[in-house]
Amino acid sequence: MQNTASMRLRELGLTLPPPPPAAGTYLNAVRTGNLLFLAGHVPFRSDGSLVMGKLGRDLDAAAGYEAARLAALGVLSTITSEAGSLDRVARIVRVLGVVNATAEFVEHTQVVNGASDLFVAVWGDAGRHARLAVGVASLPFDLALEIEVTAELEG
């Protein structure tokens, strides 16, 4: 029997949160052809609160990694909502990680690995993706980070 993304999620002991709400005049996901473009996803904790603050001032790289993992769980939830199942994902194509950071903070890639590592854990090699991890001076509401994803769906 094939080890599917849904099975891996259960093996990892992860439960998906509800899909996050859109915080403006946009959609959380848009499908064109076999590509699913996801809006930026932010790090919601299981109690519904958000991870806020600036990396390098309020949070260190380890806390940022966990925040990116939380944002990635929201991505998985949106994909499930839009595609019907994580098993419909042929591959994660691209990830953009935007980190709210001080000018001195240089560990953006380690932070965004929190999302990338989760995608590889769930989809194996199909979870490996092209990626950009950048730091910015601010994000809305002082959010710690946002993760944006493009996924290819099967047929």
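Predicted model: local features only at pLDDT ≥ 70, side-chain atom pairs only at ≥ 80, totals over all residues.

User: Which strand is Gly 135 in?

Analyst: Gly 135 belongs to strand β4.

User: And is Gly 135 buried, partly exposed or exposed?

Analyst: Partly exposed: Gly 135 has a relative accessibility of 39%, and that class runs between 20% and 50%.

User: How far is Gly 135 from Thr 109 in space?

Analyst: Their C-alphas are 9.6 Å apart, while in sequence the two residues are 26 apart.

User: OK, zooming out to the sheet. What's the strand order?

Analyst: It goes β1-β2-β5-β3-β4, an open sheet of five strands with mixed pairing.

User: Which strands stand at the edges?

Analyst: β1 (29-32) and β4 (130-136) do. Each has a single partner strand, so one side of each is left without a neighbour in the sheet. From one strand to the next, the twist averages 15°.

User: Remind me, what holds strands together in a sheet?

Analyst: Backbone hydrogen bonds, with the strands running either parallel or antiparallel.

User: In what sense do β3 and β5 pair?

Analyst: Antiparallel, over nine bridges, with β3 covering residues 89-100 and β5 covering 145-153. As for specific partners, Val 89 bridges to Leu 153 in β5, and Gly 97 bridges to Ile 147 in that strand.

User: How many bridges join β3 to β4?

Analyst: Seven, and those two strands run parallel. Val 98 stands opposite Val 134 of β4.

User: Switching to helices. What does α2 lie across?

Analyst: α2 lies across β1, β2 (35-38), β3 and β5, and runs at about 40° to β5.

User: What's the span of α2, end to end?

Analyst: The helix takes in residues 61-83, 23 residues in total, and reaches 32 Å from first C-alpha to last. That is close to the 33 Å expected at 1.5 Å a residue.

User: What caps the N-terminal end of α2?

Analyst: Asp 60 does, with a side-chain oxygen 3.2 Å from the backbone nitrogen of Ala 62. Just after the helix comes Gly 84, which takes a positive phi of about 95°.

User: I also clicked on Ser 77 in helix α2. Buried or exposed?

Analyst: Ser 77 is buried, because its relative accessibility is 5% and the cut-off for buried is under 20%.

User: What does Ser 77 touch?

Analyst: Not counting residues up to four places away in sequence, Ser 77 touches Leu 16, Pro 17, Pro 18 and Pro 19.

User: Last topic, aromatics. How many aromatic pairs does the structure hold?

Analyst: One. The partners are Phe 119 and Trp 123, with 6.2 Å centre to centre and 45° between the planes, which makes the pair tilted.

User: Where do Phe 119 and Trp 123 lie?

Analyst: Both are in helix α3 (residues 108-123), four residues apart, or about one turn of the helix.

User: And are Phe 119 and Trp 123 buried or exposed?

Analyst: Phe 119 and Trp 123 are both buried.

Key:
Residues numbered from 1 in each chain as written. Heavy atoms only, no water. Phe/Tyr/Trp six-rings, centres within 6.5 Å; stacked < 30°, edge-to-face > 60°. Buried < 20%, exposed > 50% of the residue type's maximum accessible area, 1.4 Å probe, protein only. Expected span 1.5 Å × (residues − 1). Polar contact = N/O pair within 3.5 Å; in protein donor to acceptor, adjacent residues only side chain to side chain. Pairing = 2+ DSSP bridges. Axes fitted to C-alpha atoms, helices over the stretch in contact; angles between N-to-C directions. Contact = heavy atoms within 4.5 Å.
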